[in-house]
Amino acid sequence: MEREEFLEVYRHSMAHVLAKAVIELYGPETQYAIGPQIEDGAYYDFALPEGKSIGENDYKTIEDKMREIVKRREDWRREEITKEQGMELFKDQKFKIELIQDLPEDEVITIYYTGEDYVDLCRGPHVSNSQELMNVSYKIHASSMAYWRGDEKRDRLTRVYFYAFPSKDELKKHIQMINEARERDHKKIGPQQDLFMFDESAPGMPYWLPRGWAMYQALMTYSRAIQYKHGYQEISAPLINNKKLWMVSGHWAHYINNMFMVPGVSGFMAADTDISGILENPDDEESKAIMAKLEKGSVLYNRENIDTMAAKPMNCPNAMMAYKRTKHSYKELPLRYSEYDVLHRKEKSGQMNGLFRVQEFRQDDDHTFVMESQIKDEIADIIAIADEIYSTFGVTYRAELSTRPDDFMGEIEVWDRAEAGLKEILDEKYGEGGYEINEGDGAFYGPKIDLQIKDALGREWQCGTIQLDFQLPHNFGLTYVTPEGNEEMPVVIHRAIYGSLERFIGIIIENFKGNFPFWLSPYQVAIVPIRESHNEYAKKVEEVLINNGIRVEADYADKNMRNKIKEFKVYKDPYILVLGDNEAENNMVSLNIRGSNKQVQNVPLDDFVKMCRKMNEEHTLELLSSLED
């Protein structure tokens, strides 16, 4: 048995042990829902009897009960039953009944007994006897609220998570990694360093504070500089568009549930007019939504001016419109339109997670219009950009090819041609088998290459994406003139390297644990004059640094020097300059280097400036202590 298959069977089996333990501890009236295996263990969802709950103080009790169950060495028995038998067997378990009801009439239903007193609806596979689980090391680590089937309008359940590994050593190492990840949590470090904040008035939409916005701008400046070298042109487009645009692109049919809707307004009528007769279809959902938002006493829309607008969740339709504004020749291609506009995507409240899952963000987006003959070279150039950017952050990555989804647009023949082309590119770059294939995970308009970066803890994050699109050019009627004077349809390559800048910043906060490279640090140098008499020289140093494009903060208050240094260290500025008589007399600076207990003294100011400029220009990962480093 392969390791992944082994882990899946054992973790899934332990989920049944967890469910049995909870039922024995909390009573047979406990409703048990689902318990899937996940990356590092499993979880199970329960509706507990009224007045009962599971918290941290209960974890050990449940673990002990699980251990007791495993030691019983009970047989696990698989049975196939009919839908009717399942309805009778689980008649007191409403979640199981609902799952069974949703199955086709001819579905083969399988159940698993653990001993004779616990049975679960499950496809399996599982162990044959509990003694096979004797050496599995596990630990309950969390309990939380979850909605049945992820629907906020359904039952609130208690979800219990546990880690599970084949040995105590593996479990211990995993817990150490999790603890380290908690120390790196961007939701903790971000507020500590005053980078960003969230407020309930705008769920999932970060406020970027001065320090965080400086870092955000550094990322965009770096991206823009690289793209400029590769022939990209930047555009900006409206953030809100009429639904007609989204209907043409296909997003209205495929993405409407993730879009923020805005009624379009131009022209009004009396507030006391009955609006129901104004709408063409007063009973449809869109009309009901408009009526619900209108309060008596507010102005109402004229019928012909009621229209639906949507905040854009992606930039591609706008790029299509920018291309469509004029005729194009083959000589202009590839034509690369980069864009950093704000995007909005509606998420369920339970899905939002710091900067990793937000409702407002920017991407280092690009839409490149090419001839089919240019696809291979263009994607090779995009991968070269990804190589350069990811190496700057000291991270590695791997590629994944995602193929045609069930809700695809267009012709299968076109999809097959596109997928074959991407496979050829990946084979040449990474070698045959040097990448993974995710069947059915492509965008609705074309296959894609996703780039998964690996951070300092070995965790993988999907950031970059390269998507091949034959559909949107067709939907928007895009053409270019060939050398023979004919009109042909271009192919569009959708591309991002950071992906969401918000998500990327969350990743690098955790990757660097808040100790950012010099070029990326919100403030790169902090200045601490020892006494007020040194303020004049300190201000001179500050001016010199600013004039050389170096981000500086200084504390000129009349307070203890050590307290100033301590306050700046919270923000993890790369260098703290301590300036006194010697420095002022000799045009020098003394450096406290982040992460080092030593102080580098008597550094000529000009040399320090050159060193800072070098780190900014070369985007170095490590901090320098001299020009010779």
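Reader: Which residue forms a salt bridge with R459, and how far apart are the closest N and O atoms?

Author: In general, side chains of opposite charge can pair when their charged atoms come close. In this predicted model, R459 forms a salt bridge (a side-chain nitrogen of Lys or Arg within 4 Å of a carboxyl oxygen of Asp or Glu) with E510, and their closest N and O atoms are 3.1 Å apart. Helices (H or I, at least four residues) and strands (E, at least two) are DSSP runs, numbered from the N terminus. Residues are numbered from 1 along each chain as its sequence is written, and side-chain values use heavy atoms, without hydrogens and water. As the model is predicted, local features need pLDDT of at least 70 and side-chain atom pairs count only at pLDDT 80 or more, while totals for chains, interfaces and linings use all residues.

Reader: Are R459 and E510 buried or exposed?

Author: Buried means under 20% relative accessible area, exposed over 50%, and partly exposed in between (1.4 Å probe, protein chains only). R459 is buried at 18%, and E510 is likewise buried at 4%.

Reader: How many salt bridges does the structure hold?

Author: The total is 48. Among them, K20 pairs with E74, with closest N and O atoms 2.8 Å apart. K20 lies in helix α1 and E74 in the loop between α2 (59-71) and β4 (76-81), so this pair ties together parts 54 residues apart in sequence. K20 is buried, with a relative accessibility of 2%, and E74 is buried at 14%. K187 and D185 form another salt bridge, at 3.4 Å between the closest N and O atoms; K187 is partly exposed, at 39%.

Reader: Which residues are linked with E24 in a network of salt bridges?

Author: E24 is joined in that network by K65, E68 and R72.

Reader: Why is strand β21 described as largely enclosed?

Author: Strand β21 (residues 396-402) is largely enclosed by the rest of the structure because five of its seven residues are buried. Two strands pair if DSSP finds at least two bridges between them. β21 pairs with strand β23 (residues 448-454) in the antiparallel sense over seven bridges, and I449 in β23 is the bridge partner of L401. With strand β22 (residues 436-438), β21 pairs in the parallel sense over three bridges; here E436 in β22 is the bridge partner of E400.
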